[in-house]
Amino acid sequence: MENDAPLKFIADAMLGRLAKWLRILGYDTLYSAKLDDLALARLARIEKRILLTRDEQLSRLRGIRSVLIRSDRIEEQLLQLWQEVNINLNQEAFSRCLVCNAPLDAVAKEGVKDAVPPYVYSTQEQFSRCPECGRLYWRGTHYEHIQRRLTALLSR
């Protein structure tokens with residue numbers, strides 16, 4: 001994998017929560033609990049993705065870059081990836097859909113007036129929409145909570 005290529009991941013069925021956090025951090029991360037080991041390895045190889053797995057045997061497959069995730073705790077999983085593949089825990093969060101993995105599009109505030117609660121509309125200025133599933137995102141209390149968790153993680 002080229003050094004300047006953006007990191008892309010594919011996570012096995014045991015790492016759905018990690019996949020979501022990587023998407024929160026803005027990383028292109030494929031995840032489906034329905035993919036078997038062969039499909040995971042094939043996609044990792046074809047799309048030059050780093051395979052994230054808790055399965056020691058799967059992590060030893062040749063021809064793909066993989067990381068055997070050792071912990072069950074999300075903070076330790078993210079720290080391991082920071083140490084082993086140099087993920088950036090400081091980058092802009094919420095640039096990808098947490099469900100579809102698609103890059104989000106900015107949406108004008110006026111375009112979401114009827115799609116969000118009145119309080120959200122009156123207190124938020126920036127909105128994003130997933131072009132695949134249509135899900136809307138804004139920086140509410142969930143964003144602040146995630147920022148606090150990442151700050152705590154970085155201070156370790």
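The questions and answers below concern charged side chains and their salt bridges in a predicted model. Local features need pLDDT of at least 70 and side-chain atom pairs count only at pLDDT 80 or more, while totals for chains, interfaces and linings use all residues. Residues are numbered from 1 along each chain as its sequence is written, and side-chain values use heavy atoms, with hydrogens and water left out.

Q: How many salt bridges does the model contain?
A: A salt bridge is taken here as a side-chain nitrogen of Lys or Arg within 4 Å of a carboxyl oxygen of Asp or Glu. By this rule the count is 10.

Q: Which residue forms a salt bridge with Arg49, and is Arg49 buried or exposed?
A: The closest N and O atoms of the pair are 3.0 Å apart, and the partner is Asp28. The pair links distant parts of the chain, 21 residues apart, since Arg49 is in the loop between helix 2 (37-46) and strand 3 (50-53) and Asp28 is in strand 2 (residues 28-31); helices (H or I, at least four residues) and strands (E, at least two) are DSSP runs numbered from the N terminus. On a scale where buried means under 20% relative accessible area, exposed over 50% and partly exposed in between (1.4 Å probe, protein chains only), Asp28 at 16% counts as buried.

Q: What is the distance between the closest N and O atoms in the salt bridge of Asp72 with Arg54?
A: Asp72 counts as exposed at 65% relative accessibility, whereas Arg54 counts as partly exposed at 26%. For the salt bridge between Asp72 and Arg54, the closest N and O atoms are apart by 2.7 Å.

Q: Which residue forms a salt bridge with Arg73?
A: Arg73 is partly exposed, with a relative accessible area of 44%. Its partner counts as partly exposed at 32% relative accessibility, and the closest N and O atoms of the pair are 2.9 Å apart, the partner being Glu76.

Q: Which side chain of opposite charge is nearest to Asp12, and how far away is it?
A: Asp12 is found in the loop between strand 1 (8-11) and helix 1 (16-24), and it is buried yet has no salt bridge. The backbone nitrogen of Arg54 lies 3.2 Å from a polar atom of the Asp12 side chain, a polar contact being a pair of N or O atoms within 3.5 Å; within protein, one must be able to donate a hydrogen and the other to accept it, and residues adjacent in sequence count only if both atoms are side-chain atoms. With Lys and Arg counted as positive, Asp and Glu as negative, and His and the chain ends not counted, the nearest side chain of opposite charge is that of Arg54, at 7.0 Å.
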